[in-house]
Amino acid sequence: MAAIIECRNLTRTFGSIRALDDLNITIPARASVGLVGPNGAGKTTLFAMLCGFLHPGKGSVTVLGHQPDSARVKGRIGILPQDIPLMRGISVHAQLVLFARLQGFNKVTARQEIDRIIQLVNIGSLIKQFPETLSHGQRKRTTLAQALIGKPELILLDEPTSGLDPVAANDIRNIIQKLRHEHSFIISSHNLDEIKNVCDEIIIIDKGKLVRHSRIDDLIERNNTLSILLDQAAGGPLLQSIKILPSVIKIVTDDTNPNRLSVIFQADKPDQIQFKILGLLQQAGVGIVEFNRGSALTDRVVELVSKQ
Amino acid sequence: MNWKRIIILACFDLRHSLFRLKGLVFLIPFLFFWYLNLKFLYERGGEALVSPESIVILSWLYKPEIAQILLILYPPTLSVFLIMVLASTPAFAMLSGNDQLAGDSGRQTFRFLLTRCTRSEIFAGRFLSHYILISLSTLLIAAMATAISLHNDQHSTTAIINYAGHVSLLVLIYILPFVAYMSVISALMSSALSALLMAVSVYIMLVILGNYLEYKSGVSIELLPGGLKEYLFDLNPHDLYIGVGGLLAFTMIYICIGWLVFKKRNI
């Protein structure tokens, strides 16, 4: 499958700071990719380069097979920039119509497309208002709406749920979930649960360098790890009884949180080992707070970034 | 470049400029300035403009023969209008064009446009909308000045209409390099106010530099389009061609510089 994004030796400096450092990434079409990394890792800079807002210092970047500045990609990319509101003093509706017209819709079809987007993002009550009069969450929804106009092939979302209340964040996650099979998504977020739920792949960058690009299932070893959070620390006998189960390779306990443990196993039928462990915990009278297949994404990201 | 997108951008910007600070900061002083001057021309124009005193005053600013041609040969109301437009265009172009690109670059709202159109389309769209705004406003005033001229001046209607067309055309060309100058400044800066201050500073600096170089070399050196004003008063066609050609050359130079700056800048 053709790549929608290809970065080769991409480097960008701001004064003495290397925002991106020799970055090589290839993202296939129809992928949902989570872009994660600590603050200042270069995520927003990468987004800005993919959209042509910034020019690469060194290296090359192609989006949908063309340079980001090329007229051929215009209207095929949608972006939700981080904390940038729409233009002041112009109603949301007027701006959405402008964006649709620039994407090739005529006056009539532009209004139809805006009506579709209004329904999708549920911003019917906001469209007559000026962006500066909207709350943070409402602004986020309106900027998300503009990113979805014209069903772009690639949608870049920079911190789509940051600063939102749980209900608003959940609404946005649901919209992304609904659309994830129709578009290619790249989502930059610090919320790793969000990434885990809506993305297939993850790109971890730190200090402008690529740390890891893999499928999320591979990264968290979903098929050979169980992450368990108990309501009390597991005692030695319980750990021993789990350890001697067939297929269990190792048990990793967390020194900082003795209630948490990871069970690493090698089994063709992971469900069976899962039931056996649940049975042992029940017999020992230990309550279960969380029980997840795969290691915690947060732990894996922290581990990989801290190795840098 | 996709002209359809350029026209959509220009129309949108023009329509919204009329009701937003970026347009009002130009329109309010512009209309106030012309209200006062047109009122003066209407009430005290006509014979007063062709008096010897008026010719002497104008001779201080330009050559005596230019003063005579403007106030006697041509309808004086329109000549005074032309002189005033040429004198005030730099200031009004700065007020009108300071937010061509600067504000939206600084606030990063161009990011919403840049996924839909190219930088060259944004640049051209904004240039066009600002040029149309100041041109249409000036043409409106030109129409009023023509009406006053028809009422006050002793020339034939045909002569006044012909001269009004000539003056309007000159004004439209004269505005071009100033809007282009503002596109350079606006492409460099990140807010409308800083663009306005920078435009004034650079303009004053170039005036001083031009005068200094002229003084040193003894040759007339025009660093700004304003220096070509005198060529536009139709003494002979050759001068007019030099004036118009110079204005178009300034426009091209400024547009090229502005485009290079905007092409390279981070948005």
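**Entry 1: two helices of chain B.** I began with helix 5 (residues 76-97) and helix 9 (residues 157-188) of chain B, whose axes come within 9 Å and cross at roughly 20°. I take axes as lines fitted to C-alpha atoms, for helices over the stretch in contact, with angles running from 0 to 180 degrees between N-to-C directions. Helices (H or I, at least four residues) and strands (E, at least two) are DSSP runs, numbered from the N terminus. Helix 5 and helix 9 of chain B are therefore roughly parallel to each other, a label kept for angles under 35 degrees, with over 145 counted as roughly antiparallel, 65 to 115 as roughly perpendicular and the rest as oblique. I noted the crossing of helix 5 of chain B and helix 9 of chain B as right-handed, that is, the near helix is turned clockwise from the far one by less than a right angle. By class, this contact has 19 nonpolar, four polar and no charged residues; Ala, Val, Leu, Ile, Met, Phe, Trp, Tyr, Cys and Pro count as nonpolar, Asp, Glu, Lys and Arg as charged, and the others, Gly among them, as polar.

**Entry 2: basis.** I am reading a predicted model, in which local features need pLDDT of at least 70 and side-chain atom pairs count only at pLDDT 80 or more, while totals for chains, interfaces and linings use all residues. Residues are numbered from 1 along each chain as its sequence is written, and chains are lettered from A and ligands numbered from 1 in the order in which they are written.

**Entry 3: the chain A sheet.** I looked up an open sheet of three strands in chain A, with order 2-1-4 and antiparallel pairing, where two strands pair if DSSP finds at least two bridges between them. Strand 2 (17-28) and strand 4 (58-63) of chain A stand at the edges with a single partner strand each, so one side of each is left without a neighbour in the sheet. The twist averages 20° from one strand to the next. Strand 1 (residues 3-14) of chain A pairs with strand 2 of chain A in the antiparallel sense over eight bridges, and A:Thr13 has A:Arg18, in strand 2, as its bridge partner.

**Entry 4: the interface.** I found 18 residues of chain B in contact with 23 residues of chain A, contact meaning C-beta atoms, placed from the backbone, within 7 Å. Helix 1 (3-17) and helix 7 (110-114) of chain B each supply at least two residues of the side of chain B that touches chain A.

Note on methods: Two residues are in contact if their C-beta atoms, placed from the backbone, lie within 7 Å.
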